[in-house]
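This briefing goes through the fold, the strand pairing, the core and the surface of one protein. Please keep the sequence and the model in view while reading.

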Amino acid sequence: MCRAFFIYSKNKELARRVALYSIQKSYEEQNNDGYFMLSDNAIIKTLNYRKYVRAVLRSNSNHYLIHLRFATNGISKKKNIHGWKFNL
């Protein structure tokens, strides 16, 4: 099953550490069929775990919307990763 997180903290470093912890734990549990992140200054959609972690490390935000895909249907490819940018 996919996992989605919304992480917020007034402390940017704390928000980043919680995001990285959530991503690492999900990866260790084999939830690794795609990664999406939206923050103040970044949007990434990738199949590459290391690229995803580097994007989180480079971000400078106090909030993150994270989606970690676990393929139960369909193949693991970029177009099947949930998460889309939109304007409100």
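How many helices and how many strands does the protein have? In this predicted model, the protein has 2 helices and 4 strands, and from the N terminus on these elements follow the order β-α-β-β-α-β.

**Overall figures**
- The protein has 88 residues, of which 36% count as buried.
- Among the contacts with a separation of 6 or more, 66% are made by residues 24 or more positions apart.
- The accessible surface comes to about 5800 Å², and 53% of this area belongs to carbon and sulfur atoms.

**Strand pairing**
- Strand 2 and strand 3 (residues 42-46) run antiparallel and are joined by 5 bridges, while the hairpin that connects strand 2 to strand 3 passes through 2 residues.
- Within this pairing, Tyr 35 stands opposite Thr 46, which lies in strand 3.

**Nonpolar core**
- The largest nonpolar core holds 15 residues, and those that touch the most other members are Ile 23, Met 37, Tyr 52, Val 56, Tyr 64 and Ile 66.
- Two or more residues of this core come from each of helix 1 (12-28), strand 2 (35-39), helix 2 (49-58) and strand 4 (63-68).
- Leaving aside residues up to four places away in sequence, Ile 66 touches Arg 3, Ala 4, Phe 5, Ile 7, Ala 19, Ile 23, Phe 36, Met 37 and Tyr 52.

**Nonpolar surface**
- Phe 6, Tyr 8 and Leu 65 make a nonpolar surface patch of about 340 Å², and of these residues Tyr 8 is placed in strand 1 (residues 3-8).

How values were computed
Residues are numbered from 1 along each chain as its sequence is written. This is a predicted model: local features need pLDDT of at least 70, side-chain atom pairs count only at pLDDT 80 or more; totals for chains, interfaces and linings use all residues. Side-chain values use heavy atoms; hydrogens and water are left out. Patches are made of residues with over 30% relative accessible area and no salt bridge: like charges are joined within 9 Å, nonpolar side chains (Val, Leu, Ile, Met, Phe, Trp, Tyr) within 5 Å. Accessible areas come from the Shrake-Rupley method with a 1.4 Å probe; for residues, only the protein chains shown count as cover. A salt bridge is a side-chain nitrogen of Lys or Arg within 4 Å of a carboxyl oxygen of Asp or Glu. A nonpolar core is a set of buried Ala, Val, Leu, Ile, Met, Phe, Trp, Tyr and Cys residues joined through side-chain atoms within 4.5 Å. Buried means under 20% relative accessible area, exposed over 50%, partly exposed in between (1.4 Å probe, protein chains only). Contact means heavy atoms within 4.5 Å. Two strands pair if DSSP finds at least two bridges between them.
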